[in-house]
Protein chains: 2
Amino acid sequence: MPDSTKRYQAVKHALIEDVRHARWKRGERIPSEPSLARRFSVSVGTIRQAMGELVAEHVLVRQQGRGTFVATYTRDYLLNVFFPFVDRNDMKRLPESRMLDFRKVPATREVALALALPTAAPVYSIDHLMSFAGDPVIFDRIRLPVVRFAGLDRHRIEQRDGTFFGLYQQHFAVSVLKTVERLVAVAADARTAALLEVAPGSPVLKVTRTALSYRDAPVELRTRFVKTDDIAYLSVLGKR
Amino acid sequence: MPDSTKRYQAVKHALIEDVRHARWKRGERIPSEPSLARRFSVSVGTIRQAMGELVAEHVLVRQQGRGTFVATYTRDYLLNVFFPFVDRNDMKRLPESRMLDFRKVPATREVALALALPTAAPVYSIDHLMSFAGDPVIFDRIRLPVVRFAGLDRHRIEQRDGTFFGLYQQHFAVSVLKTVERLVAVAADARTAALLEVAPGSPVLKVTRTALSYRDAPVELRTRFVKTDDIAYLSVLGKR
DNA sequence: ACGATAAAGTCATATGTATAACTTGCGGCA
DNA sequence: TGCCGCAAGTTATACATATGACTTTATCGT
């Protein structure tokens, strides 16, 4: 090994950059392992090690016999990975979605901090309600940096085919790879109680979530109130 | 490849069985990669692939230059992986621990179901309180199958050096590899409120947790009430 | 007795090669 | 036309080997 940096990591970073700068579009097939090996002047095994980590991180997807593809996040995948709510039988179900409000506001200090923005930078603020069979269960307030999502409007949000993350990916080339969620139990304030159709002061689950893209760059901040009468937050720890 | 079963998976399962039946004790060094390769009549690469998955699942731990060891769960590791609570600054801190009650009871239907036991099988029931600097924050009710933890008593629990999971491992050869946690927000009942020093009816986080060992065998059921005034439950989704 | 150095053992990285499993598309045959 | 089968291309598994990085132990000289 010539230098201290490991080759497979150098290859990995080079591949990430190719994906990040959309040199290969999402869903597109990337060059085969032997051809990448030639391009980087390393062996196929080294390429496989680099690509293997990217597959584990859901940046790439391998399909035997077909090729390797830039990950394209389907509704099902996003729901499975980033939607941790289950019903009484521990089953995941799709909620209906309704936008309550959309506006552009300056970031508060906390929002700016969480999104790594200058203070008072413009952000989109979206209020949003999710229901199961007409029963409201989750009230979301979403904050998005205007600089990353310039041109977003009501119509695009309402016309999205799947999840918010799918929208980000499809229209703004923003891929969410990870979320960090902070959960506490609080008493519902008047507005939240009204929206979730519970008595004011009822216990609700409050989730403060930051969504991260490549290199842990924050792209969305969401404050979420959950009525846990019929659904629960499912968390699995340990063993990958 | 002679047959359809993959060799590295066969090797992996053989290694798991060796660990499960304590053929190698925990913390002990297992044979080197070349010697295992000879023993299984496969190449070192195949051994590495099998061991790599076991390392990812925290069954083994590799140390360059020293060898590979059966995972021994330190207090720090257990805290990092299985203790998801953080303070206002997102820092993990160690709580103090106090046992409130210990008894042997027949399993209710729900407990028996969760622990895969026959109805009314005997279980240990432990009530337990955790505090930060004297401030009570987590009230636990633990259920353990007597069949797995025969001989457990007050004294052993109080004399444990670290976590409960460490106790299980050290004295009963039970390794917790994964937990599944179900979170909801509820109003504190009278006893819980008193223990956590909050007003009755205050919102608290209720966590229902099943701890699983090899092959997803359930070994512990815990019902946990958390005062989230000063701490929060941190959850990371996606990207390993 | 002590300390520096050498040697051996172990995991980590990397190469090169071979074969199996799988998918796709093309061409020939009925 | 339609379909079957085969060839080509791609990832998956496996082997054999070489070298680097790291740790532990032994050796040797002072």
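Start at DNA strand D: β3 of chain A, along with α1 (7-20) and α3 (44-56) of chain B, each put at least two residues into the surface near this strand. Helices here are DSSP runs of H or I with at least four residues, strands are runs of E with at least two, and both are numbered from the N terminus. Before going on, note that this is a predicted model, in which local features need pLDDT of at least 70 and side-chain atom pairs count only at pLDDT 80 or more, while totals for chains, interfaces and linings use all residues. Residues are numbered from 1 along each chain as its sequence is written, with chains lettered from A and ligands numbered from 1 in the order in which they are written.

**Stop 1: around strand D**

By class, you'll find five nonpolar, 11 polar and five charged residues here. For the classes, Ala, Val, Leu, Ile, Met, Phe, Trp, Tyr, Cys and Pro count as nonpolar, Asp, Glu, Lys and Arg as charged, and the others, Gly among them, as polar.

**Stop 2: over to strand C**

Now select DNA strand C. Its nearest residues, out of 21 around it, are Arg7(A), Gly45(A), Thr46(A), Gly65(A) and Ser32(B). Elements that supply at least two residues each are α1 (7-20) and α3 of chain A, plus β3 (67-70) of chain B. The largest share, three residues, is from α3(A). The class count for this surface reads five nonpolar, 11 polar and five charged.

**Stop 3: two helices of chain A**

Keep α1(A) and α3(A) on screen. Their axes come within 8 Å and cross at roughly 55°; axes are lines fitted to C-alpha atoms, for helices over the stretch in contact, and angles run from 0 to 180 degrees between N-to-C directions. The two helices are therefore oblique to each other, the class left over once angles under 35 degrees (roughly parallel), over 145 (roughly antiparallel) and 65 to 115 (roughly perpendicular) are taken out. Show Arg7(A), Tyr8(A), Val11(A), Lys12(A) and Leu15(A) on α1(A), which meet Thr46(A), Ile47(A), Gln49(A), Ala50(A), Glu53(A) and Leu54(A) on α3(A). Contact means C-beta atoms, placed from the backbone, within 7 Å.

**Stop 4**

Next, pick the open three-stranded sheet of chain A, in the order β1-β3-β2 with antiparallel pairing. Strands pair if DSSP finds at least two bridges between them. At the edges sit β1 (29-30) and β2 (60-63) of chain A, each pairing on one side only. Helix α3 (44-56) of chain A packs on the sheet, touching β2 and β3 of chain A, and its direction makes about 110° with that of β2(A). Zoom in on Arg29(A), whose bridge partner in β3(A) is Phe69(A).

**Stop 5: where the chains meet**

Finally, show both chains: 30 residues of chain B are in contact with 30 of chain A. On the chain B side, β8(B) gives the most, with 10 residues. That side has 19 nonpolar, five polar and six charged residues. Look for five bridges joining strand β11 (231-237) of chain A to β8(B), running antiparallel. Among the partners there, Leu234(A) bridges to Arg182(B).

Methods. Contact = placed C-beta atoms within 7 Å. Near = placed C-beta within 6 Å.
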